[in-house]
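Here are my notes on the strands of this model. Please read them with the structure open.

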Amino acid sequence: MNRSIRASALLAAIGPLMLLMVMPSPTDGTAAATMAQPRAGVTTPITDISWSSRAPLKNNGRAESASVWANGRFWVISGFSSQNPPVYLDTVLSYDPANDAWATMPTRVPQPLTHTAAEVVDDRWVYLAGGYSPDVSRVCSGGVPCQFWATTNVWRYDTWTDTWSAAPGLPKARAGGGLVLIGRTLWFIAGSDSGRHDHTEVWSLNVDTGTAWQAEAPLPAAQARTHVGAVGVGTSIIVVGGQQGVDSAATFLQSNFKFDTANPAAGWTRIADIPQYRSHLMHATVVFACQIVVAGGDIPGYKGTSTVYVYNPATDTWSLMPTPLPRATYAHEIVTDGSSLYFTGGAPLNLSRTSFVGTAWSNGTQLP
């Protein structure tokens, strides 16, 4: 699955492609299907994505939230309501596209987070791994709590019952990494530590039987990074962009890597660079119609961009979409239900509440 529907997978980056259709989560309490049903792969290239306004977020604009598609809804979890000074949110919002309405869930998050990685299991369970969190023991500028720059905590949210539980923690504190589900295994990739130093380490956890994360092949030695985009592509993990360092010392990245979990001995291989240096892609990278959509993000100078790129794994090429996002942004949230894309939130300046739905096209024909 990608961050919202990564069960929509590609069998490989070459050859025939199969799109997995996620089955709707039942509402009668019965178990969700653990694997989606395949159908013929959609190989038609995306040539544009159009955007239309939808209901704005409730109450606050927000950025650096976790976002996923699960149980028929767009979920936006925690995040900032202000970045300077940092003000954390402990709320969970869900968007119902049928009614074009946002709802605030009754249960608050157990730990307010930003820069946390998110993934969905069985179209029901939302996993959050790592992230920044408020340090209430210290007061910083503006009279607000200082921040912990990383955590080992992993949380699991049940979208059916609005309840939280703790999952096995990461081996080391991290923030800004990627989280990808391949089969029944979660993979956590890269990220930065509590000293804001970037890392290459990769860990995995079986969601059914795992009690501790296992070390896996790391990214290449010189490719430590944070604020990455990461998606599942069949049995492969694809990591997109990100940055090395933070604030004025940050170097934005174009490089992207692929790791086939079915052939771990091959290690990480470099794929085509994204044309524009780009960071803050944790919740702005999704798989749609067998292609990877990277919409918006942070570009050098900490400026949000509205450009949208699409990566075709079959040809290892990137394409710039003619229609940009409705506004330039980074630290925003984009998900897909497999038929449409949904976009909300983000920086810079005043954090945004505006929301949009995206429709993908191939030479005038709507996809998928």
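The points below cover the basis of the model, a four-stranded sheet and the strands around β11.

1. The model is predicted; local features need pLDDT of at least 70, side-chain atom pairs count only at pLDDT 80 or more, and totals for chains, interfaces and linings use all residues. Residues are numbered from 1 along each chain as its sequence is written, and side-chain values use heavy atoms, with hydrogens and water left out.

2. An open sheet of 4 strands has the order β4-β5-β8-β9, with antiparallel pairing. Strands here are DSSP runs (E, at least two residues), numbered from the N terminus, and two of them pair if DSSP finds at least two bridges between them. At the edges are β4 (66–70) and β9 (101–104), each of which pairs on one side only. On average, neighbouring strands of this sheet are turned by 20° against each other, direction ignored; the axes are lines fitted to C-alpha atoms.

3. Within that sheet, β5 (residues 73–77) and β8 (residues 92–96) are antiparallel and share 4 bridges. V76 has L93 in β8 as its bridge partner.

4. V120 is bridged to V126 in β11, while Y127 has R156 in β14 as its bridge partner.

5. β10 and β11 form a hairpin with 3 residues between them. In the turn, D122 has a positive phi of about 60°.

Definitions and conventions
Axes fitted to C-alpha atoms, helices over the stretch in contact; angles between N-to-C directions. Buried < 20%, exposed > 50% of the residue type's maximum accessible area, 1.4 Å probe, protein only.
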